[in-house]
Number of protein chains: 2
Amino acid sequence: MLLSGAHFAAPGPEKIMASIDRSLVAHLPLFAGLSNEDLTEVLREARSIRVPRNAAVFEQGADASSFFLLLHGHVRATKTTPTGDQIVVRYVVPGDTFGVAPAIGLQHYPATATAVDDSIVLAWPSAAWPRLVARFPSLAANTLQTVGQRLQETHARVIEMSTQQVEQRIAHALLRLANQAGRKLDHGVQIDFPISRQDIAQMTGTTLHTVSRILSGWEQLGLVESGRQKIVLREPHKIVLLAEQSAGDSASRS
Amino acid sequence: MLLSGAHFAAPGPEKIMASIDRSLVAHLPLFAGLSNEDLTEVLREARSIRVPRNAAVFEQGADASSFFLLLHGHVRATKTTPTGDQIVVRYVVPGDTFGVAPAIGLQHYPATATAVDDSIVLAWPSAAWPRLVARFPSLAANTLQTVGQRLQETHARVIEMSTQQVEQRIAHALLRLANQAGRKLDHGVQIDFPISRQDIAQMTGTTLHTVSRILSGWEQLGLVESGRQKIVLREPHKIVLLAEQSAGDSASRS
DNA sequence: CGTCGAGTTGAGACGTCTCAAAACCTGTGG
DNA sequence: CCACAGGTTTTGAGACGTCTCAACTCGACG
């Protein structure tokens, strides 16, 4: 399962030969501390790839042949257990690195990355990592910071799952998504990519049924407006209150 | 809340002036790729500190003045939420780094570290990190790998909490602890530091009551032998089976 | 127009939590 | 050396949140 060639032939991601727009990426955390020339040198080794909606960038367990930076679109990282259960690890937003298995010493991708939107990614061959790091040590330092932050976020998720009930967890998840990928509308904030109840269930450790019930409830109260793979937060502030609500104090019962 | 001085005055950790035994640490992942002289130089900046049982190495939210390497003993890292809920992030075993907040760009410790055993730690001042990394880039690369691994482990924990029920999660937790800190006895494997039902509950996202009930059940079946802050796995293999058991297939009902 | 994925909703089962009380163990101070 | 104090563990009983199972609706797309 190499990145290029056969694997990408079927669903259709394709290389784009245009040179990469440096102004788009220069400010990213990954490249902090690099000069303009350094950046050019780093980017020279990357290819830009179009990934159509619902196509996989890489699959869990496959050989970690590349690491990536998302330029445009949205990518969902999921893990599947031997028993077939699946969870959503995170949603990748533009500017994020992902699939950094080579950097953390993994031979194989620990998750599957799927474009949920038509997306554009930069891809470096894994072999480039040690070379680039040797030449530009701040790449390692920057990536360390990023991975450290993700570790903190994942701990936060563990805490949520340990101490909060489903409604609070869903509220948190939606607020996080709205912050990362919210599109401001006049009647609220829309999560700017297709997302199903199932996806939310896999982010919060519950079932799509429970998610559906809770969102239906919120819709009744006018907190959200949701449809097929679409969610708009109409009252973000009230959802924040829901999220912070501790197990004891329940709301008015309609 | 600085590391030295007043903070450590009360419970009694004390500096040990003996030079650090290099043979003990030379093989650790953190130091991979360093020459003997490099190692000497790195160790020169560290102090060795004795931390008595139940004393804190650092507190969540405190200024991240140092980062650490555990030489001897065991340290529990915990996080407390604003509402007072607490979870166990992990148990640190000898050879592990911890409190690496400076490396991942955090100004304050995201968790509290408490010695559960009389322990000995190496401490470097935070200010040393950028200097050491500049001089020995493999430190950053090695730490990146370590943090990456921890991220994987934490994801595994999220998956467990999403897909398994309490009994399986406890089984997994105990097996992990036994692997990391198991002392082999003739009648089983003992977890080699004091650990309460409460601790296990905070590792697995449940209550001490449920942990107690389940361990009592296991004790009936002869799988474990447990007492006050003590657990011996008598039948590790059978516990592995329990851990792998999916939600559907329940055991024989006595 | 039929099919299929996404969402909704009800009813009941079940695992775990909560509340409560008691027994137990261990280190400490009288 | 004993008794007490405080943390740990056990166990019961009932409440409750969420899952499971099941059926149905809706809308998009070929």
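**Entry 1: ground rules**

I am working with a predicted model, in which local features need pLDDT of at least 70, side-chain atom pairs count only at pLDDT 80 or more, and totals for chains, interfaces and linings use all residues. Residues are numbered from 1 along each chain as its sequence is written, chains are lettered from A and ligands numbered from 1 in the order in which they are written, and side-chain values use heavy atoms, with hydrogens and water left out.

**Entry 2: DNA strand D**

I listed the residues near this strand (near means a heavy atom within 4 Å of it). There are 18 of them around DNA strand D, and the closest are A:Gln165, A:Val166, A:Thr206, A:Thr210 and B:Ser212.

B:Arg213 has a side-chain N or O atom 3.0 Å from a base nitrogen of DNA strand D. A polar backbone atom of B:Gln229 lies 2.9 Å from a phosphate oxygen of DNA strand D.

For the elements I used DSSP runs (helices are H or I with at least four residues, strands are E with at least two, numbered from the N terminus). H8 of chain A and H8 of chain B are the elements that give two or more residues to the surface near DNA strand D, and H8(B) gives the most, with five residues.

I also sorted that surface by residue class (nonpolar is Ala, Val, Leu, Ile, Met, Phe, Trp, Tyr, Cys and Pro; charged is Asp, Glu, Lys and Arg; polar is the others, Gly among them). It divides into two nonpolar, twelve polar and four charged residues.

**Entry 3: DNA strand C**

I repeated the search here. DNA strand C is surrounded by 18 residues, with A:Ser212, B:Gln165, B:Val166, B:Thr206 and B:Thr210 the closest.

From chain A, a polar side-chain atom of A:His209 is 3.1 Å from a base oxygen of DNA strand C. The side chain of A:Ser212 puts an N or O atom 2.7 Å from a phosphate oxygen of DNA strand C, and a polar backbone atom of A:Gln229 is 3.0 Å from a phosphate oxygen of DNA strand C. The largest share of the surface near DNA strand C is four residues from H8(A). By class, the surface near DNA strand C has one nonpolar, twelve polar and five charged residues.

**Entry 4: chain B against chain A**

I counted contacts (heavy atoms within 4.5 Å), and each side is listed: 29 residues from chain B and 29 residues from chain A. The buried area (accessible area, 1.4 Å probe, that two parts lose on being put together, summed over both) is about 3,000 Å², and carbon and sulfur atoms give 78% of it. Two residue pairs are in polar contact across the interface of chain B and chain A, both at pLDDT 80 or more. Strand S6 (86–92) and helix H5 (137–163) of chain B are the elements that give two or more residues to the side of chain B touching chain A. H5(B) supplies the largest share of that side, 17 residues. I find 14 nonpolar, eleven polar and four charged residues on that side.

**Entry 5: salt bridges**

How many salt bridges does a search of the whole structure find over all chains? I get 18 (a side-chain nitrogen of Lys or Arg within 4 Å of a carboxyl oxygen of Asp or Glu) over all chains. Across the interface of chain B and chain A the rule finds zero.

One of them joins B:Asp199 and B:Arg76, 3.3 Å from N to O. B:Asp199 is in helix H7 of chain B and B:Arg76 in strand S5 (residues 75–80) of chain B, 123 residues apart. B:Asp199 counts as buried because its relative accessibility is 6% (buried is under 20% relative accessible area, exposed over 50%, partly exposed in between; 1.4 Å probe, protein chains only). B:Arg76 is buried too, at 17%.

Key:
A polar contact is a pair of N or O atoms within 3.5 Å; within protein, one must be able to donate a hydrogen and the other to accept it, and residues adjacent in sequence count only if both atoms are side-chain atoms.
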